[in-house]
Amino acid sequence: MSEQEHRFDVAQLVSVALFSPKPDETVRFFHDFLGMEISHQEGQAVYLRAYEDFYQYTMKVVEAPQAGMEAVTWRAASPQALERRVQALEAAGLGLGWVEDDYAHGPAYKFTSPDGHVQKLLWELDYYQAPPEMKSKLKNRPQKRPLRGVPVRRIDHVNLMVSDVPQNTDFFANVLNFKIREQKIGDGGALVGSWLSVSPLVHELAVMKDSSGAKGRFHHVAYWYGAPQHLLDIADIFSDYDIIIEGGPGKHGTTQAYYMYVFEPGGNRVELFGDTGYLIFDPDWQTVIWDVANEVDLEKSSIWFGGHLPKTFYTYGTPPVESLEVLMGSA
Ligand SMILES: [Fe+2]
């Protein structure tokens, strides 16, 4: 295969591990409201999955003094693809070495983004096997649809706050071979956000400028419904049970996603993703550029319709540099 031919050596977003100062409440949020199943518990960690997640887990909640992200895990397209990307990561000087003993997966190569977000890349992992009472008669569904809350179907994407958008975009595009699907530029043409993917999904990953100047913070993880009505249903429940809705339900211009952002009780932001946005099959996709210094692009890229994104959306990340309460008071 020639160097010019693009290939995705990274195949899929596998999981996100979040730190929570209120782990019991965080787990209850994912379990009771989003209908996720607890698949394993070990020490201070609880592992959960959505009912159409095929692997053992997509969310790990770890008790910690502050909210934040422990790691994002990606699956390589093959053992050879894993080896190629490990070489590229080592050449980029961002490799941390192999981890052999994590729950539910084989050897994983640990690395960081240039901003310091810890990540893992692996090939071997454990598939979920439902016990008999949870087995679905739908053979392409790994378990029965749960009866709790409004159950999410699968993990969709992660959004990382970065101190330097061009540097982190280049890393994911050139070292890990993500395609850059959409970008936002601001004053003077400065890049303020990139949306990248390794599949027809418009993004499995976004990197956005952290206006606080901090490095390596986490913005959100998104779980997918596939039906925007479910955003209205879960918004109704969140409002009744005092879960803070930050923005939405609404539709973004960028990615065309039906979104809603909420804070789980530990303080991390979680997005509920209503539909798929749009899909990209064009192998020669030209990056869509929104110029947010221009008022029309600014308004339409963030909110196509509905919802409202307060100041916290651009300033709050985990670990927090200012508490959510302080930021919301000033939003
Ligand atoms: Fe998102």
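A: **Salt bridges up close**

Lys300 pairs with Glu299 in a salt bridge, with 3.7 Å between the closest N and O atoms; the term stands for a side-chain nitrogen of Lys or Arg within 4 Å of a carboxyl oxygen of Asp or Glu. Lys300 is partly exposed, at 29% relative accessibility (buried is under 20% relative accessible area, exposed over 50%, and partly exposed in between, with a 1.4 Å probe and protein chains only). Before going on, please keep in mind that this is a predicted model, where local features need pLDDT of at least 70, side-chain atom pairs count only at pLDDT 80 or more, and totals for chains, interfaces and linings use all residues. Residues are numbered from 1 along each chain as its sequence is written, and side-chain values use heavy atoms, leaving out hydrogens and water.

Arg84 and Asp9 meet through their side chains in a salt bridge of 2.9 Å, N to O. Arg84 belongs to helix 2 (residues 79–91) and Asp9 to the segment before strand 1 (10–20), so this pair ties together parts that are 75 residues apart in sequence. Helices (H or I, at least four residues) and strands (E, at least two) are DSSP runs, numbered from the N terminus. Asp9 is buried, at 2% relative accessibility, whereas Arg84 is partly exposed, with a relative accessible area of 29%.

The next pair is Asp102 with Lys120, whose side chains form a salt bridge at 2.5 Å, N to O. Asp102 sits in the loop between strand 6 (95–99) and strand 7 (108–112), and Lys120 in strand 8 (residues 118–122), so the pair ties together parts that are 18 residues apart in sequence.

Of its 331 residues, 55% count as buried. The C-alpha atoms fill a box of roughly 55 × 50 × 40 Å, taken along the principal axes.
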